[in-house]
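I opened a new notebook page for this chain.

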Amino acid sequence: MYDHEIDTFFTVAEAGSFSAASRTLYISPSAVVQQINLLENKMDCELFKRDSHGVTLTEAGKLFLKQCRKIKRVYLETEEIMKKYQRTLVVGTGYLSTTNLLDKFWLDFLHANNVQLKFQEIKDYEKIPQNIDLIESLYSQEPIPKQGFLFKKVTTSPLLIAIPPQNKLAQKEKLTISDLDKQKILIINSSVLKQSGQIRHFIKSNCQKTHLISYSVFNKALVNEAIIKNYLILVHETLASSCSPLISKKVNWHFNADVGFFYRSDANMITKKLIAKI
């Protein structure tokens, strides 16, 4: 099978020295030399000529490099094929994630199907890592769907208003639409939440002095901004616990958001099986 010694061989051949390869691989030069020595012992031939200027490929090394490129290509193709049958479900987590709806489904599923669960942080939702199978999230028109993900709805989540503790509305049990008049509200943009345009129209029709401010990313910085500037935030109920110390309140409207899982259109077997059970 393809292994790290071949990767080291590729790096040394490209870098032209053990020391340069060690910097690329973040290991010591002696560890690079040891791996090349092991590889040469396995092949029973010399792959590199060593001198004071670095290393160069021998004739055997040039042929081995050519064959290793074929091996690596076949290995990567095989690895991609075998992902369809993997037993580990990789769940992406990040600022667009909601509460753990997955908790309601995965424990019994894992035990029944001998599946492991792995969580991986998504740092950039415009470039979701290829190994992520599933993302729990509020439905959005972008950026997730444009990367080949489908959406499975699990539930609907009421849209609430999160209020800084110092705001007078924090003392009210439930808000009316008129309570929002003259307030400054951070509201998610329409590219993320499809109901955003309807909500904007509804608020502006009933609260002409309300100032609406668009946001696209819900994170701690947004919560801190709301506290400092006394802004309200439009959030769905599954994100309410992430708004602390803001206090989330229901409003006398009927706006909801779909919450569920994004999964790849070419999902592996275990992801398809989980989605089918939801």
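I started with helix 1 (residues 4-15) and helix 4 (residues 59-82), whose axes come within 11 Å and cross at roughly 125°. That angle makes helix 1 oblique to helix 4. For the class names I noted the cut-offs: under 35 degrees is roughly parallel, over 145 roughly antiparallel, 65 to 115 roughly perpendicular, and the rest oblique. Axes here are lines fitted to C-alpha atoms, for helices over the stretch in contact, with angles from 0 to 180 degrees between N-to-C directions. Helices are DSSP runs of H or I with at least four residues, strands are runs of E with at least two, and both are numbered from the N terminus.

I then looked up the handedness: helix 1 passes helix 4 in a left-handed crossing. Left-handed means that the near helix is turned anticlockwise from the far one by less than a right angle; clockwise would be right-handed. Which residues meet there? Helix 1 brings Ile6, Asp7, Phe9 and Phe10. Helix 4 brings Gly61, Phe64, Leu65, Cys68, Arg69 and Lys72. Contact means heavy atoms within 4.5 Å.

Before going on, I noted that this is a predicted model, where local features need pLDDT of at least 70 and side-chain atom pairs count only at pLDDT 80 or more, while totals for chains, interfaces and linings use all residues. Residues are numbered from 1 along each chain as its sequence is written, and side-chain values use heavy atoms, with hydrogens and water left out.

Next I turned to helix 7 (residues 220-229). Its buried residues are Leu222, Val223 and Ala226. They sit on the same side of helix 7, because they cover an arc of only 100° around the axis. The arc is taken from the directions from the helix axis to the C-beta atoms. Buried means under 20% relative accessible area, exposed over 50%, and partly exposed in between (1.4 Å probe, protein chains only). What covers these buried residues? I found strand 7 (184-188), strand 8 (211-215) and strand 9 (232-236) among the cover. The face turned away from the buried side carries the exposed residues Ala221 and Ile228.

I stayed with helix 7 for a charged pair. Glu225 forms a salt bridge with Lys229, with the closest N and O atoms 3.3 Å apart. A salt bridge needs a side-chain nitrogen of Lys or Arg within 4 Å of a carboxyl oxygen of Asp or Glu. The two residues are four apart in helix 7, so about one helical turn separates them. Glu225 is partly exposed at 28%; Lys229 is partly exposed at 45%.

How many salt bridges does the structure hold? I noted nine. Another one joins Glu40 and Arg50, at 3.2 Å from N to O. This pair links distant parts of the chain, ten residues apart: Glu40 in helix 3 (residues 29-43) and Arg50 in strand 1 (residues 48-51). Glu40 counts as buried at 10%, while Arg50 is partly exposed at 36%.

Just after helix 7, Asn230 takes a positive phi of about 60°, although it is not a glycine. Asn230 lies in the loop between helix 7 and strand 9, partly exposed at 30%. Lys182 also has a positive phi, near 70°. I found Lys182 in the loop between strand 6 (149-163) and strand 7, exposed at 60%. Finally, a cis peptide bond joins Ser244 and Pro245, with omega about 10°. Pro245 lies in the loop between strand 9 and strand 10 (247-249).
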